[in-house]
Amino acid sequence: MTSSRPATNNSGELLQQLRQSLGLLQVAFDATSEAMVIFDNELRVRWANQVAADLWGGGMAIALVGKSYSQFIKLQTIEGTPMSPDEPGHPLRGMRDGDGEGRYRMCSPEVPGGVVSTKHFNWKQIKQVAEGYVLITVRDLDPAEKALQEQQAFMNQLAHELRTPLAIVTGSLKRIDKGASLNGRTAEHLDVARQEVKRIGRLLNNLTLLSDLETGRHRFEFKTQHLHELIKGWMNKLGQSSQKRLSLNLMGCSKEAAIKVDPEAFDRILDNLFDNSLRYCKNNTPISIMATSQAESLNIFFMDWGLGIPEAQRSKIFDRFMRLEENRDPNQSDGAGLGLALTRSLVEGMDGLIELMPNETFDPSQPTTVLRLQFPCIQI
Amino acid sequence: MSWTPGAIAALREKENLPFVRADAEGNVVEFSPRFSEVYGWDDGLVGETLGKILPPSFRELHHSGFSRFQLTEVSKVLNHPLTLATVCSDGTTIQSEHYIVAEKGDAETWSFAATLRPLEGPYASPPQSP
């Protein structure tokens with residue numbers, strides 16, 4: 001035997017249960033240590049939890065509803081430069097394009113110029129909602145992030161302190177070179193000193209950039225460009241002898257295929273890979289770039305026919321200060337072992353990925369090095 | 001605790017401000033003639049959710065905040081002025097200063113009431129000083 005209740009009673013109970021669930025969810029969201037705000041497709045607040053209300057709404061979440069982001073969130077870069085919502089790197093600009101995160105100095109809405117503290121921002125598109133909402137969460141830096149910030153500050157200070165004596169040494173070496181006729185052995189020593197000073201300068205620049213990339217301080221200047229233009233533009237900047245060394249194959253890449261990158265950083269990636277190949281390849285071996293495009297992504301294969309990378313070291317090539325001493329071409333200047341670490345950080349900072357492909361990917365008869373770069377493809 | 005006995009009666013007498021009262025479920029049970037005059041609602045509003053007099057974008061937080069209060073009996077919107085857009089019967093909105101109170105009745109059930117001071121339009125009056 002079955003029994004039934006009137007539908008109205010069931011509806012009432014269901015409504016009561018839903019209310020209880022909703023209340024419980026709100027209690028849970030209010031109990032988190034992160035500020036959470038949902039923005040609608042016009043980037044106006046639709047929902048906020050209690051931490052967000054305490055931070056920006058005088059304790060009342062409903063007071064935030066309908067406000068635009070720029071009415072209550074004022075940000076500075078980690079270095080303290082005020083950010084406009086339209087500039088690259090600002091969460092508001094970033095959330096138009098997809099998910100992301102970053103660290104910013106957050107200003108107090110009540111105190112003009114007053115900085116509350118450095119916060120970690122995360123923005124995520126809520127794709128399940130057709131209207132196109134975005135969830136922003138804001139939290140204090142955790143101890144590891146704070147330590148990283150302190151390390152970064154130390155690194156910048158150290159780089160600054162070292163650049164001044166380095167400039168003095170460089171100037172002195174130039175003056176010695178100009179001021180006296182040097183015998184062969186002294187000139188040789190001087191040349192070594194000059195090369196080493198240059199190397200230290202490069203090392204400092206790379207370390208600073210790497211540190212900036214890893215702590216989210218580096219600001220990319222993104223542009224959308226056709227891949228053909230980017231690669232050919234980079235090649236045109238090379239000297240003739242370098243151009244002769246390179247072979248380019250873009251046949252598998254549509255001329256319409258574009259990527260969104262910082263052109264300067266993109267050039268630097270190719271520079272690093274090319275320098276690396278030169279360092280580990282003999283003069284007559286080719287270096288090749290091949291690109292392919294698919295609907296969603298673009299692949300750039302950077303290949304050389306040097307001695308390849310020993311199996312035991314393949315998993316470490318993107319580590320800092322990693323150098324393959326046994327394979328190095330002694331005629332090429334020494335690197336600091338930061339090139340590939342820096343390259344990976346630059347690629348990943350531009351939403352791409354880089355990986356070392358198996359040696360036999362393209363030419364099973366020879367040990368080759370094949371690095372694959374992949375970026376999201378954009379149609380323009 | 002965020003309520004005092006007699007708060008609703010005191011609010012009802014406050015000047016000649018529009019007044020609205022809701023039951024523990026958040027459904028409108030009564031409103032003053034002044035409320036009807038300013039916002040245009042008639043008796044059809046009785047029994048409807050309070051969310052109806054708030055713009056759609058405010059409803060999620062209204063409902064979640066209301067449900068939260070039923071669990072915790074704590075709210076930050078009570079007993080002080082709060083500026084919110086209020087929806088009129090014709091769909092237009094008037095920025096209004098809401099002063100919301102809550103009161104527990106004899107049967108341990110909650111009642112909620114608010115005065116609404118219109119801050120714009122023909123019935124506008126200056127906001128209450130803090």
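Visitor: At what angle do helix H6 and helix H10 of chain A pack?

Guide: In this predicted model, helix H6 of chain A spans residues 184-214 and helix H10 of chain A spans residues 339-349, and their axes lie 10 Å apart. The crossing of H6(A) and H10(A) is left-handed. The angle at which the two helices pack is about 35 degrees.

Visitor: How many nonpolar, polar and charged residues has the contact of H6(A) with H10(A)?

Guide: From H6(A) the contact draws on A:Asn206, A:Leu209, A:Leu210, A:Leu213 and A:Glu214, while H10(A) brings A:Ala341, A:Leu342, A:Ser345 and A:Leu346. Sorted by class, the residues of this contact are 6 nonpolar, 2 polar and 1 charged.

Visitor: Are H7(A) and H9(A) parallel, perpendicular or oblique to each other?

Guide: Helix H7 (residues 227-236) and helix H9 (residues 263-280), both of chain A, have axes that come within 10 Å and cross at roughly 55 degrees. H7(A) passes H9(A) in a right-handed crossing. Angles from 65 to 115 degrees would count as roughly perpendicular and those under 35 as roughly parallel, so the two helices are oblique.

Visitor: Into which classes do the residues of the contact of H7(A) with H9(A) divide?

Guide: On the side of H7(A) stand A:Leu227, A:Leu230, A:Ile231 and A:Trp234, and they meet residues of H9(A) that include A:Phe266, A:Asp267, A:Asp271 and A:Phe274. The residues of this contact divide into 8 nonpolar, no polar and 2 charged.

Visitor: Which three residues supply 35% of the area that chain A buries against chain B?

Guide: Between the two chains, 19 residues of chain A are in contact with 19 residues of chain B. The area buried there is about 1,800 Å², of which carbon and sulfur atoms give 67%. Within the part that chain A buries, 35% comes from three residues, more than from any other three, namely A:Arg19, A:Arg46 and A:Ile62.

Visitor: How many salt bridges does the rule find across the interface of chain A and chain B?

Guide: A salt bridge requires a side-chain nitrogen of Lys or Arg within 4 Å of a carboxyl oxygen of Asp or Glu. The side chains of B:Lys76 and A:Asp54 form such a pair, at 3.7 Å from N to O. Across the interface of chain A and chain B, the number of salt bridges found is 4.

Visitor: How many residues apart are A:Asp99 and A:Lys124?

Guide: The structure holds 17 salt bridges over all chains, and A:Asp99 forms one with A:Lys124, their closest N and O atoms being 3.6 Å apart. A:Asp99 is in the loop between helix H4 and strand E4 of chain A, whereas A:Lys124 belongs to strand E5. The pair thus links distant parts of the chain, 25 residues apart.

Terms used: Residues numbered from 1 in each chain as written. Chains lettered and ligands numbered in written order. Predicted model: local features only at pLDDT ≥ 70, side-chain atom pairs only at ≥ 80, totals over all residues. Heavy atoms only, no water. Axes fitted to C-alpha atoms, helices over the stretch in contact; angles between N-to-C directions. Helix = DSSP H or I, 4+ residues; strand = E, 2+ residues; numbered from the N terminus. Parallel < 35°, antiparallel > 145°, perpendicular 65-115°, else oblique. Left-handed = near helix turned anticlockwise from the far one by under 90°. Contact = heavy atoms within 4.5 Å. Nonpolar A, V, L, I, M, F, W, Y, C, P; charged D, E, K, R; others polar. Buried area = accessible area lost by both parts, 1.4 Å probe.
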